[in-house]
Amino acid sequence: MQFELNENNALLKTSIREFLEKETPLAKSRPMMEETQEGFSKELYAELGNLGYLGLTLSESEGGAAAGVIGLAVVLEEMGRVAFPGPFLDLVLAGETLSRVKSQQASQFLQETVSGQKSVLLARSEALDDLERSVIQTRFDQDTIRGTKLPVPYGASADVLLVTTAEGVALVPRPEEGWKATSLPALDHAQRFVEISLDSPGRLLTDKQSADTILKEVDQLGALGASALMLGLMEGSLELTLDYIKERKAFGRTIGSFQVLQHRAADMWIRVESSRSAVYRAAWALENSLEEASLLVASAKAYCGDSARFVCGETIQLFGGVGYTWEYDPHIYYKRVKTLEQLYGSTRNQLEAALQSQGI
Amino acid sequence: MDFQFSEEQQRFRMELRAWLKENLERPWIEELRDPKNDEKKLFDIRRSWQAKLHESGYLGIHWPKEWGGRGLTVVENAIFAAEAIHAPPIASRVGINLLGPALIHHATEEQRKRFIPKMLSGEEVWCQGFSEPDAGSDLAALRTRAEPDGDDFRLEGQKVWTTFAPWSDWIFVLARTDPDDRYGGITFFLVSLHQEGIEVRPIRQITGESEFGEVFFSGALAKREHMVGALGEGWKIAMTVLAYERGSMSLAHLARFDHYLKDLVEGVRENGSLQRADVREKIARLLVEKEVLRANGYRTLASLASGQAPGPEASLEKIFWSEYSRRLADGALDLLGLQAHLLVHSPHARPHMDWAQEALYSRAVTIYAGSSEIQRNIISKRILKLPSS
C-alpha cells in the first residue's frame with residue numbers, strides 16, 4: 001500500500017505546475033478562451049508538444065514519455081487546477097487511437113500529433129442527446145466518408161479527423177472542400193463545439209471490430225482523464241473559495257469565520273480529497289490493466305462529476321453576487337465541469353457501466 | 001502508488017480465512033436471532049470468541065510482540081477486521097481499539113504489564129469514560145473531578161454514553177484535576193468498576209438494546225499508580241484515543257457494506273425492480289460511493305502503514321463512512337420496503353441481513369466518536385485554516 005507519487009511522477013507534477021503557473025494563470029488564459037477563434041493558444045500547444053506532454057502515455061519508441069496513466073492523471077489534474085484551455089485530452093486520446101492502429105500511415109500521423117505539428121482529433125458523436133454513439137450512421141464508401149458528426153470539441157481547429165464510421169475508424173485530412181464545420185456556441189464559453197458535415201476523401205484505418213476494441217480502451221482513458229481534469233478543477237475552485245472567504249468581511253468579521261461557511265468549505269474539501277483517492281486508485285488500476293479497472297474508472301468519473309458540480313457550484317454561492325459576474329473566475333470552473341460531466345461518458349452512462357461491471 | 005496487498009498480506013488473509021472456517025461455529029446474525037440468547041448470553045459469546053482469538057494470536061495484530069501483539073501492521077489488522085465480519089464482535093472492543101494505543105504510546109512499563117495482557121484475553125473488559133451530560137461534542141467542558149486523597153484521588157461526577165458499561169470491569173476516565181485550566185486541567189485515569197462509590201445504570205437505546213450506560217462516581221478510588229501520563233496530560237492522551245477511534249476503520253466498515261449492498265441487490269432482484277431506472281441509479285450511486293470509500297480507506301491505511309500517526313484526515317474517513325452508512329440503510333429501506341423493517345427474528349425477515357437494526361444504528365454512527373459537525377470543525381480549522389470567530 002502506498003499513496004505517494006513515485007519520483008518521476010512527483011517531478012512531472014512540479015514541472016507541469018511551474019509551466020502552467022507561468023504560462024496560463026487565468027489572467028493570461030481567459031483572453032485565449034474569450035478572444036481567440038480557436039479558444040486556446042496554438043503556440044502553447046506546440047510548446048507542449050516540444051516538451052513531450054502530448055505523447056505522455058505513449059512509448060518512447062513512438063516519441064512518447066511513457067509516463068503511464070498515473071502520469072497522465074498528474075498532468076491533467078494540474079491543467080484542471082488552472083482551467084487550462086483547449087483540446088489537450090482530445091489530442092492525447094487521438095494519439096492513443098493512432099498508436100493502437102497498426103499501420104504505417106497511422107504512425108506517420110502519430111509522430112506529427114505527438115510533436116504538436118498537427119492537430120488530430122476524434123470525431124465520434126452523431127447526436128447531442130446520445131453521447132454514447134450507439135448507432136453510427138456515417139459511412140465509408142469508395143474512399144469517401146459521408147455523414148455528420150456533432151459535437152466535435154475543437155473540431156474547427158483540427159488538421160486531421162479520426163472519424164468513426166459504420167465500417168471502422170477512418171482518417172480524414174482536412175481537404176479544400178467537402179468538410180463543413182458549423183460552430184455550436186454552448187454553455188461553456190471556453191469550449192468550441194462544432195458540427196462537421198463530411199463528404200470527404202479519406203482512408204479506412206481499421207475494420208469495425210478492431211475499431212470497437214480500440215475505442216473501448218481509449219474511452220476508459222478518456223473517462224479517467226476527464227476525472228483527473230475535474231479533480232483539478234474542483235481543487236482550483238476550492239482554492240479560489242478559501243482565498244475569498246478568508247479575505248471578505250461582512251458583519252464586522254471575515255466571512256470564513258462563520259461556522260455555516262466553514263462547514264460548507266469542509267464539505268467541498270471532503271469531495272475534493274475523496275475524488276483524489278478515487279482518481280488515483282482508478283489510474284493505478286488502469287495502468288496495471290487490472291480487472292477492476294472498469295468499475296474503478298466508471299466510479300471515478302461518476303463521482304468526480306457529482307462532486308465537481310457540487311464544489312464549483314458552491315464556489316459561486318460562497319462568492320455571492322460577484323460569483324455571478326463575468327469578471328470573476330468561478331464561472332470558468334463551473335462551466336468546464338458541467339461540460340465534462342457530459343463528455344467522455346456521461347455520469348448517467350458511467351453509473352450504468354459501474355453496475356454492469358459487477359454483473360448487476 | 002500502490003493500492004494492493006503484498007503477497008505476505010494475501011497469505012495472512014488466506015490463513016485467517018481457513019482459521020475462521022475451522023473455528024467460527026455460526027455467524028453472529030444467527031446468535032442474534034436465537035431466542036435463547038439474551039443480552040447477557042450474547043455478551044458471554046463475545047467474551048469467549050475473544051478468548052479464542054487471543055489464543056490463536058488474532059488480537060492486537062498490529063501491536064508490538066512485547067505487549068502481546070502479533071507485531072504486524074495496520075494493514076493486517078484491517079484485513080482481519082474485513083474477514084471477520086460474520087464473527088461476533090469481541091467483548092473488549094473499546095479497550096483494545098481505543099485504550100490499547102493510548103497505553104502503548106503513553107503508559108509506563110508497569111501499567112502496560114498490568115493491563116494489556118488481561119485486556120487482550122478478555123479477562124478484563126473496558127469501557128470509555130469521556131462524555132458527560134454537559135460535555136459531549138464540547139468534551140473539554142467535562143466536570144467529573146478527581147480530588148487528591150493522600151497519594152491517590154477520589155472521583156466525583158458522572159459519565160454517559162458509556163458503551164458496554166453494564167458488562168465492563170474497568171473504565172478509563174478523563175477527570176478534572178484543575179478547575180481553572182480548560183485543557184491542561186484534565187487527567188487520564190484507569191479505574192476499577194468493581195468498588196464502592198460507583199453505580200452503573202444501563203440506558204435503553206432506540207434499538208431497544210442497552211449497549212450504553214451511565215456511570216456515576218461518588219468517592220470512587222482512582223489510584224495514582226493507575227494515572228496514565230502526568231497530571232494534566234489527559235487531553236493530549238484523549239486526542240490519541242480519538243484519532244485511533246476515527247482512523248483506519250474504513251476497511252472494516254467496507255467489508256460490512258460489501259455484504260449489505262449484495263443483500264440489497266439480491267432483494268431488488270427478488271422483488272422484481274432491478275430493471276427500473278430509478279432503482280438502478282440509486283444502487284449505482286451506492287456502489288460508486290462504496291468504491292470511493294475503499295479508495296479513501298486504502299489511502300489512510302497507506303499513510304498509517306508508513307508510520308504516520310492518524311491526523312486530521314481521519315475526520316474525512318469518519319464523515320464518509322458514517323454518512324455512507326446512513327445512505328445505504330436508507331436506500332435499502334426505500335428499495336426493499338417493509339421487508340427491510342422486519343426485525344431479525346420476525347417471520348419473512350431477510351435471512352442474512354438485519355436492515356432494521358442497521359437503519360437505526362446508522363443514526364448513532366454520525367454522532368459517536370466525534371459527531372459529523374465536530375469533524376467538520378476539525379477540517380475547517382486544522383486543514384483549511386479558516387479563522388476562528
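Two residues are in contact if their C-beta atoms, placed from the backbone, lie within 7 Å. By that rule, the contact between the chains takes 37 residues from chain A and 35 residues from chain B.

Before we go on, a word on the model: it is predicted, so local features need pLDDT of at least 70 and side-chain atom pairs count only at pLDDT 80 or more, while totals for chains, interfaces and linings use all residues. Residues are numbered from 1 along each chain as its sequence is written, and chains are lettered from A and ligands numbered from 1 in the order in which they are written.

**Where chain A meets chain B**

On the side of chain A that touches chain B, α8(A) gives the most, with 13 residues. Helices (H or I, at least four residues) and strands (E, at least two) are DSSP runs, numbered from the N terminus. The elements of chain A that give two or more residues to this side are listed here.

| Element of chain A | Residues |
|---|---|
| α7 | 208–247 |
| β10 | 253–254 |
| α8 | 259–287 |
| α9 | 293–319 |
| α11 | 347–357 |

**Chain A as a whole**

Chain A has eleven helices and ten strands. Its C-alpha atoms fill a box of roughly 75 × 45 × 40 Å, taken along the principal axes. Among the contacts in chain A with a separation of 6 or more, 74% join residues 24 or more positions apart. Of the 360 residues of chain A, 54% count as buried (20 or more other C-beta atoms within 10 Å of the residue's own, also placed from the backbone).

Leaving aside residues up to four places away in sequence, A:L224 touches A:V69, A:A73, A:A282, A:A283, A:L286, A:V297 and A:A300.

Terms used. Buried ≥ 20, exposed ≤ 12 C-beta atoms within 10 Å, placed from the backbone.
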